[in-house]
Structure formats: C-alpha cells, structure tokens
Amino acid sequence: MGIGGSAGPGSTTERAVRIALESAAGRGARTQLIGGPELILPLYDATVAGRSAGGRKLIASVASADGIIIGTPAYHGSISGMVKNALDYVEELRTDERPYFSGRAVGCISVARGCQGAGSALAALRTTVHALRGWPTPLGVTVNTEPTPFDSGERLDDLRVRERLELLGNQVVEFALMSRAWTAHPSREVERLPPGA
C-alpha cells in the first residue's frame, strides 16, 4: 500500500508514490494508495475511543499490507504533520498479530524543493519507520523538484529519479515475497555458518 501526499489531490509527493506503486504492480502486487485528501484525519489521540471512517480505513489497510511505500513532502526539514499524524494512527496496531509495521518492508520517499530538506525529511521518515518496527528498504528516494519538476500530467521527465522510484517499489515487493516464503515455512532451521566463517 502507499501512504503519502499533500492536502490537495495529485501533489508531486503523491505522484512519486504512484510511480513506485506502479512498479510494484508490475511485479504482481495488488496496490492501493491512501493519499492527499484521505490523509486529512483528526489529530491522533490514543485516549479517544473510536476512529473516523478515514482512520479505520488507514488502520485496516496497513494491517493487511505486506509492504508499504510512504511519501512525505519535506516541511521545514522533516516529515509533514499530515503524514506524521497518519503514521501515529499505526499505534492502533500495537496489539495486532503483526504489531505496527512488523515484518514489512517500507519504502521511504521524500519530496522537496531543494536537497537539504529532502535529505533530512527522508532521514526522519526512516527513523519513524524503524520506531514502528518496519524494515526500510535499502534504497530511500529523495526527489528535488527544483531541477526535477513533474509536467502538468503525472509524467516525471528525469529518468534517473523515475528509475530510483521504480527500484524502491521493486525492493518492497521482493522483501514481501521473501517474508511470505519464510513465514510459510516457520519450522525451517536457519542455516548456521561454521565457527570462524
């Protein structure tokens, strides 16, 4: 599943997440995106009983996902408040069979107008994913929209950035397949290296 974007539909962050999701779909994954206006949720409060329809949808989607791709615009060098609030909702999965993001690869994308903000927001996003017990993919992608603008449609002209987004989508699928194969054979013993190897 994909999570990310800005308050308005079709943001550059949402478009970047879509590219990664399309790549995952090309590898056979069933995908869905919760982005833009769907991320405008009430401020998460663990003491409140009951959730909005949007909050329930987000929680159910994360619980059923084998892999996750998160995209955030960089706001003042970090994750946007809207995306962080959505990630706070994952607290509802603390007692789930797979708590939080456990056992799932999480691809992280940061979009900013400038390199510094994109890099620091990506680092903050990866730290949050670790705190939620997720496995950030080896590749995290920053998109600097200053030299790499999207056109008026959803096309991204910079092929190198597009290739990185597609690779991120592929890494999420590859990890999900490995994780699924491992859990299908839980009694299999882990191969042990000989001493001194």
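## A walk around the model

The protein has 5 helices and 7 strands (DSSP runs, H or I of at least four residues for helices and E of at least two for strands, numbered from the N terminus). This is a predicted model, in which local features need pLDDT of at least 70 and side-chain atom pairs count only at pLDDT 80 or more, while totals for chains, interfaces and linings use all residues. Residues are numbered from 1 along each chain as its sequence is written, and side-chain values use heavy atoms, with hydrogens and water left out.

**Whole chain.** Colour from the N terminus on, and you'll pass the elements in the order β-α-β-α-β-β-α-β-α-β-β-α. Of the 197 residues, 46% are buried (under 20% relative accessible area with a 1.4 Å probe, protein chains only; over 50% is exposed, and partly exposed is in between).

**Stop 1: helix α2.** Select residues 53-64. The end C-alpha atoms of α2 are 17 Å apart, which agrees with the 16 Å that its 12 residues should span at 1.5 Å a residue (the expected span is 1.5 Å times one less than the number of residues). Now show G55, L58, I59, S61 and V62, which are buried. Look down the axis of α2: these buried residues fall within an arc of 165°, so they line one face of the helix (the arc is taken from the directions from the helix axis to the C-beta atoms). On the other side, A53 and S64 are exposed.

**Stop 2: the largest pocket.** Select A29, R30, D66, G67 and R180, which lie nearest the centre of the largest pocket among its 21 lining residues. Elements giving two or more residues to this lining are α1 (12-26), α2, β3 and α5 (159-184), and α5 gives the most, with 5 residues. (On a 1 Å grid over the protein atoms alone, a pocket is an open set of points with protein on both sides within 12 Å along at least five of seven lines, and lining residues have an atom within 4 Å of a point.)

**Stop 3: two positive phi values.** Go to H76, in the loop between β3 and β4 (78-79). Its phi is near 55°, a positive value in a residue other than glycine. H76 counts as exposed because its relative accessibility is 86%. Then jump to Y100, in the loop between α3 and β5 (105-112). Y100 also isn't a glycine, and has a positive phi of about 55°. Is Y100 buried or exposed? At 13% relative accessibility, Y100 counts as buried.

Definitions and conventions. 1 Å grid on protein atoms, 1.4 Å probe; cavity = no way out; pocket = protein on both sides within 12 Å on 5 of 7 lines; lining within 4 Å.
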